[in-house]
Amino acid sequence: MKTFKIGGVHPEENKLSAQSPIREAQLPKQAIFSMFQHIGAPANAVVKKGDEVKVGTLLGEAGGFVSAPIYSSVSGKVSKVDVALDASGLRRMAVTVDVEGDEWEETIDRSSDLVRLADRPELDGKTIVEKIKTAGIVGMGGATFPTHVKLCPPPGKVAECVIVNAVECEPYLTADHRLMLEHPEEILVGLQLVMKAVNVTKGYIGIENNKPDAIKLMTEKAKQYPEIEVVPLKVKYPQGGEKQLIDAVIGRQVPAPPALPIDTGAIVQNVGTCFAIYEAVMKNKPLIDRVITITGKSLAKPSNLKARLGTPFSQLIEECGGLPEDTGKVIGGGPMMGKALLSLDVPMTKGSSGLLIMNDKEAKRAEVEPCIRCAKCVDACPMGLEPYLLSRISEQRDWEAAEHEDIVSCIECGSCQFTCPSHRPLLDYIRLGKSTVMGIIRARSAK
Amino acid sequence: MNKLIVSLSPHVHGSDSVKKNMYGVCLALLPAMLASFYFFGLGAAVVMLSSVAACVFFEWAITKFILKQQRLTILDGSAVLTGMLLAFNLPSNLPIWIIVLGALFAIGVGKMTFGGLGQNIFNPALAGRVFLLISFPVQMTTWPVSGDLDYIDVTTGATPLSIMQKAILEKNPSVLNDLPSSIDMLIGQTGGSLGEVSALLLLLGCIFMLCKKIITWHIPVSIIATVFVFAGLLHLANPIYANPLQVIFSGGLMLGACFMATDYVTSPMSHKGQLIYGVCIGLLTVIIRNWGAYPEGMSFAIIIMNAFTPLINTYCKPTRFGEIVKKEAAK
């Protein structure tokens with residue numbers, strides 16, 4: 001079975017909510033829309049206090065090419081356009097809407113009928129990209145890179161295939177898994193739309209072998225589209241990393257930065273993104289909701305919720321049985337790469353794939369011991385780096401050495417720290433080194 | 001609500017620990033240790049116990065009274081392991097005071113002067129052994145014959161290694177007829193240090209460590225393969241050199257290849273580096289055994305390559321992601 005070639009680890013899967021069907025979450029009383037829901041320039045708010053909005057009304061327009069617009073996911077009245085705490089822990093510009101009723105913009109098709117690509121022969125690549133851009137779609141696996149930018153390869157680079165990232169290699173998370181089981185056809189049409197947008201004739205769906213039901217269903221449904229191939233993958237973290245997935249599925253490796261994934265001819269889109277693309281192009285629906293996994297060992301009802309963007313996390317937790325007594329840490333995303341939250345009153349965003357509640361015992365780090373140079377971090381690194389060395393030179397603030405040792409190639413997957421027998425905070429130091437070195441490189445090229 | 005803990009990812013850990021690895025190696029050594037008790041009797045047990053006790057004591061005393069550290073490091077298993085490995089490198093009739101001196105050198109000079117666990121350049125147990133070998137050459141090379149269970153008054157005899165060296169010195173291949181058969185050497189009917197008796201049980205321990213992912217195959221396989229090929233070529237060229245099977249089952253080769261050279265702290269970090277390190281140890285071992293002053297070259301070979309480990313680490317980097325493509329494109 002296929003997988004990526006270098007490194008990797010296998011954390012306990014803990015997919016507690018895999019059997020729990022997607023439920024519609026309740027409407028919040030108040031929804032908060034951060035203008036920073038994607039990588040790139042923030043959106044600029046176009047509403048003011050007191051404005052009436054509906055589901056699908058534009059709240060913020062894209063702040064540049066690498067940016068995305070933000071739409072309201074609720075109907076009601078704008079009560080605040082001001083900074084608010086978001087999941088990153090920063091106070092940043094956001095629009096707050098007090099919810100009244102549930103009125104939708106008339107342009108949105110709310111029926112659940114499947115629209116196939118054959119039903120819409122007039123669609124061409126340019127129109128599809130334009131619709132994706134207008135709908136504010138970003139990478140929904142967590143990276144939140146604006147999707148339309150990925151679909152416009154820089155001059156000289158040509159796409160050869162599209163790969164759907166259905167790996168969901170983060171432990172605990174099951175949102176993509178459930179989406180595949182419940183909306184396989186929509187995802188396939190979404191993939192066809194992406195293929196048409198970049199003008200390629202080959203599409204792959206990479207699914208890890210721990211989701212045999214999804215592999216079976218998608219393979220069956222994909223039979224009607226000979227250009228789409230489902231590729232089962234051996235379970236190994238971080239297979240959902242873009243570079244690792246391309247390596248696993250088509251056996252090509254993205255060269256070191258500044259090379260881009262497109263240099264291998266592959267364009268990777270997450271399952272959730274494909275579903276959102278389907279809805280945007282076929283149903284005219286901007287990105288206003290998504291599936292999020294709410295999970296944790298102490299949580300009463302680990303679930304997959306289809307929730308409106310802007311809903312506070314605290315409300316989603318209430319719907320899954322409430323915050324457990326012994327909560328120690330709440331993580332936005334999965335346990336390997338997710339961010340620990342400062343507060344539960346922050347809203348979910350386009351990139352919120354999961355919410356993991358850890359009890360206080362799980363939440364604490366073990367005591368750090370001396371490095372015994374066992375080289376297990378070197379074996380685990382999927383980028384072929386030497387984490388023990390990168391961590392040490394970052395600790396010593398030797399930025400020149402850090403750059404020489406390719407610290408900017410680190411994808412921050414955390415495999416090294418996960419595997420370290422001495423419980424050393426390797427990635428903490430590597431992050432410090434990586435961001436400093438990237439700053440130095442930027443300053444140098446600006447001269 | 002109680003306060004939330006905020007820290008950077010990853011938020012989970014694979015539950016591996018220093019203790020698990022150290023005691024895992026100790027466990028892998030257990031069968032060979034019991035075999036040494038069986039073949040050498042009380043003497044082996046006395047050597048083993050005094051070596052482990054002395055190593056743990058010196059580690060405790062140095063951290064407490066000289067370094068004045070609060071953290072208790074003797075429970076992490078590394079001192080116990082050093083003690084076991086040192087004992088495996090000693091003959092079973094060695095006086096206790098010499099063993100204690102060896103332990104003091106191993107832990108005190110070999111490990112703690114460099115800064116303790118993870119900082120030492122040379123394998124502490126080997127540093128202790130080489131120190132004793134140079135300081136007490138007579139006691140260290142008087143080997144009780146396997147099967148003689150007395151500690152105080154033992155019969156001593158020639159080891160396979162001294163027979164092999166004699167054959168080369170006298171240029172007389174018939175001397176090699178005195179060697180025990182390969183099968184006997186594999187199972188343990190030979191004289192030598194505690195850890196030289198049963199190549200088979202040491203190999204089993206090595207397989208256990210490989211299964212538990214405590215070590216990777218690169219170092220043991222590259223050492224054993226290199227010695228086998230090099231010794232085999234010599235044997236083909238001139239019959240005064242012993243049969244390669246007897247060479248790999250003799251002396252401390254299995255112990256060195258599986259347990260001493262694979263020491264985390266003193267071996268290279270990348271697989272490429274580990275292979276270079278292993279091949280060099282293999283070559284040096286055969287060279288020292290055949291043409292050096294001492295019959296056993298394994299411990300010197302490992303110590304010499306320990307010194308090259310930082311150099312190997314500097315020049316042998318793991319294959320970076322994307323490099324494979326570059327090479328393919330260049331073709």
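The legends below describe close-up views of a predicted model. Residues are numbered from 1 along each chain as its sequence is written, with chains lettered from A and ligands numbered from 1 in the order in which they are written. Because the model is predicted, local features need pLDDT of at least 70 and side-chain atom pairs count only at pLDDT 80 or more, whereas totals for chains, interfaces and linings use all residues.

**View 1. The largest nonpolar core and B:Met84.** This core, meaning a set of buried Ala, Val, Leu, Ile, Met, Phe, Trp, Tyr and Cys residues joined through C-beta atoms within 7 Å, has 234 residues, and those with the most contacts inside it are A:Ile163, A:Val194, A:Ile277, A:Leu316, B:Cys55 and B:Met84. Helix α1 (residues 18-40) of chain B gives the most to this core, with 10 residues; helices (H or I, at least four residues) and strands (E, at least two) are DSSP runs, numbered from the N terminus. Leaving aside residues up to four places away in sequence, B:Met84 touches B:Cys26, B:Leu29, B:Met33, B:Met48 and B:Val52, where contact requires C-beta atoms, placed from the backbone, within 7 Å.

**View 2. Helix α9 (residues 199-211) of chain B and its buried face.** The 13 residues of this helix should span 18 Å at 1.5 Å a residue, in agreement with end C-alpha atoms that are 18 Å apart; the expected span is 1.5 Å times one less than the number of residues. In α9(B), B:Ala199, B:Leu201, B:Leu202, B:Gly205, B:Cys206 and B:Met209 are buried, a residue being buried if 20 or more other C-beta atoms lie within 10 Å of its own, exposed if 12 or fewer, and partly exposed in between, with C-beta atoms placed from the backbone. Seen down the axis of α9(B), the buried residues fall within an arc of 165°, taken over the directions from the helix axis to the C-beta atoms, so they line one face of the helix. Their cover includes α1, α8 (182-187), α10 (218-237), α11 (244-249) and α12 (253-260) of chain B. Just after α9(B), B:Lys213 takes a positive phi of about 55°.

**View 3. Strand β8 (residues 91-99) of chain A between its pairing partners β2(A) and β7(A).** Strand β2 (residues 30-34) of chain A runs antiparallel to β8(A) and is joined to it by 5 bridges, while β7 (residues 76-85) of chain A pairs with β8(A) in the antiparallel sense over 9 bridges; pairing requires at least two bridges found by DSSP. A:Asp98 in β8(A) stands opposite A:Gln30 and also opposite A:Lys77. β7(A) and β8(A) form a hairpin with 5 residues between them, and A:Gly89 in the turn has a positive phi of about 90°.

How values were computed:
Contact = placed C-beta atoms within 7 Å.
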